[in-house]
Amino acid sequence: MHHDEETTLQHAVSQSRRTFLSRTGQLTTAAAVAGLTGMSHEAAAQTTADKEDATVTDVKDTHYLLADVRLEDGFEKDGDVVVATRTALYTLEIRDGKIAALHAAGATLPVDLPTYQANGQLALPTMRDMHIHLDKTFYGGPWQAPLPRQGKTIMDMIALEEKLLPKLLPTSVERAEGLIALLQSKGSTVARSHCNIDPVSGLKSLEHLKIALEKHEDDFVCEIVAFPQHGLLHSKVDGLMREAMQMGVDYVGGLDPTNVDSAMEKSLDAMFQIALDLNKGVDIHLHETSPAGVAAVNYMIDTVEKNPALKGKVTISHAFALTTLSPEQLEETAGRLAANGMTIASTVPIGGLMMPLPKLTEKGVFVMTGTDSVIDHWSPFGSGDMLEKAYLYAQLYRGSDEYHLSRALAISTGGILPLDKDGNRAWPKAGDEAGFTLAGASCSAEAVARVSPRSATFHRGRLVSGGVGKA
């Protein structure tokens with residue numbers, strides 16, 4: 001690249017960032033054009049006005065072209081240091097829910113196919129929200145902050161839930177659908193939702209969640225965890241849990257076996273026994289940071305080692321006890337987790353707890369992330385945005401350079417990255433499922449650092465959120 005061209009591009013990218021931060025909503029696509037071509041904000045706004053009628057929000061063609069999609073081609077290096085990401089515009093040919101071909105600029109395109117316009121937006125892999133509670137939320141209703149938590153134990157929160165659940169159930173289908181739409185608008189079309197199984201709601205929360213998910217079976221994929229929020233033993237729901245597992249539930253859940261059930265081994269044994277009896281996976285909430293939390297982690301690893309049927313099927317959500325381990329203990333525990341295919345679902349917490357996520361990944365433990373609460377009686381801060389989780393990960397673990405910013409995206413996408421560690425394209429490729437989100441960014445590093453807005457989300461070739469242009 002010539003110096004003048006490089007300067008122009010740097011100016012364009014800088015302008016792009018300002019545009020994306022200062023404009024929202026219908027200007028998102030125009031902002032991307034402005035950023036990538038040097039167009040003024042006023043011209044971008046006029047472009048949007050001119051093309052407003054051409055915006056398409058429903059793409060259901062089984063075979064079509066999506067033009068001017070920005071894809072990453074490789075890294076630019078200064079010696080051994082990655083200093084930039086090289087991109088180019090492509091036309092994606094999408095057929096029967098898959099990417100049939102990637103056509104480079106100037107290539108001869110198939111004729112007579114419906115053609116849509118991405119306007120230079122960057123394609124990012126499908127985001128995956130792997131820890132959320134779709135079944136109980138204030139989202140979609142009037143603003144309501146949680147009550148003060150100071151001095152409140154988890155048992156106090158359980159008592160509060162017993163009063164709240166009857167009030168939430170009548171609108172839980174609509175609220176769940178609202179959360180699904182929120183996730184889709186942020187680029188997530190794959191999720192894992194925990195769903196309350198408790199004496200107050202019985203199986204109603206699950207029934208309502210399944211109704212919501214069935215309405216979105218063509219545009220959203222969601223695993224369900226049967227979650228004994230009020231304690232598996234404490235609330236005596238072993239029977240209800242087993243009923244739930246027969247209703248299309250994928251994972252047996254659990255909760256703080258010492259703090260809630262007051263019987264670590266008995267509680268964990270009961271949880272694992274349901275999974276073994278019904279050939280299901282496990283995903284347990286483990287918040288405990290006491291020595292009992294460490295004991296629970298070790299007991300679960302021991303159990304998986306003794307039961308090969310559980311290998312590769314156990315997730316520990318939160319796993320805050322890992323923050324209390326010495327470096328030597330962490331090294332050993334992470335190695336055992338990896339050897340048994342046990343995964344960690346972390347919300348990338350900020351504050352007093354610093355999860356050792358890079359070390360877990362380094363040792364081969366698969367780490368995924370999720371929203372947890374968008375807004376409910378536990379927390380009002382969730383945005384439903386997995387790209388924001390990558391942004392937090394990069395900040396917390398000092399990944400501020402181009403290379404590490406690009407790598408941070410992995411926690412949001414199930415490990416799928418546009419470029420591999422050597423800068424070769426790993427995604428997308430012909431034959432891949434046509435699932436992606438379009439973002440107003442010049443590369444994934446910028447998207448992570450700036451939490452760039454998303455203008456459209458595709459799932460199996462269908463536009464499920466946002467809009468594109470009609471070419």
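The packing of helix α8 against helices α7 and α9 is described here for a predicted model.

Two packed helices are described by the angle between their axes and the distance between the axes. Helix α7, which spans residues 238–245, packs with helix α8, residues 264–278, at an angle of about 30°. The axes of α7 and α8 lie 11 Å apart. Because angles under 35 degrees count as roughly parallel, α7 is assigned as roughly parallel to α8. The crossing of this pair, α7 and α8, is right-handed. On the α7 side, the contact is made by Asp238, Met241, Arg242 and Met245; these residues meet Ala270, Gln273, Ile274, Asp277 and Leu278 of α8. By class, the contact of α7 with α8 comprises 5 nonpolar, 1 polar and 3 charged residues.

Helix α8 also packs with helix α9, which covers residues 291–306. For this second pair, the angle is about 40° and the axes are 11 Å apart. The helices α8 and α9 are therefore oblique to each other. Their crossing is right-handed. Met264, Glu265, Leu268, Asp269, Met271 and Phe272 of α8 contribute to the contact, and their partners in α9 are Ala295, Ala296, Tyr299, Met300 and Thr303. The residues in the contact of α8 with α9 divide into 8 nonpolar, 1 polar and 2 charged.

Technical notes:
Residues are numbered from 1 along each chain as its sequence is written. This is a predicted model: local features need pLDDT of at least 70, side-chain atom pairs count only at pLDDT 80 or more; totals for chains, interfaces and linings use all residues. Side-chain values use heavy atoms; hydrogens and water are left out. Axes are lines fitted to C-alpha atoms, for helices over the stretch in contact, and angles run from 0 to 180 degrees between N-to-C directions. Helices (H or I, at least four residues) and strands (E, at least two) are DSSP runs, numbered from the N terminus. Angles under 35 degrees count as roughly parallel, over 145 as roughly antiparallel, 65 to 115 as roughly perpendicular and the rest as oblique. A crossing is left-handed if the near helix is turned anticlockwise from the far one by less than a right angle, and right-handed if clockwise. Contact means heavy atoms within 4.5 Å. Ala, Val, Leu, Ile, Met, Phe, Trp, Tyr, Cys and Pro count as nonpolar, Asp, Glu, Lys and Arg as charged, and the others, Gly among them, as polar.
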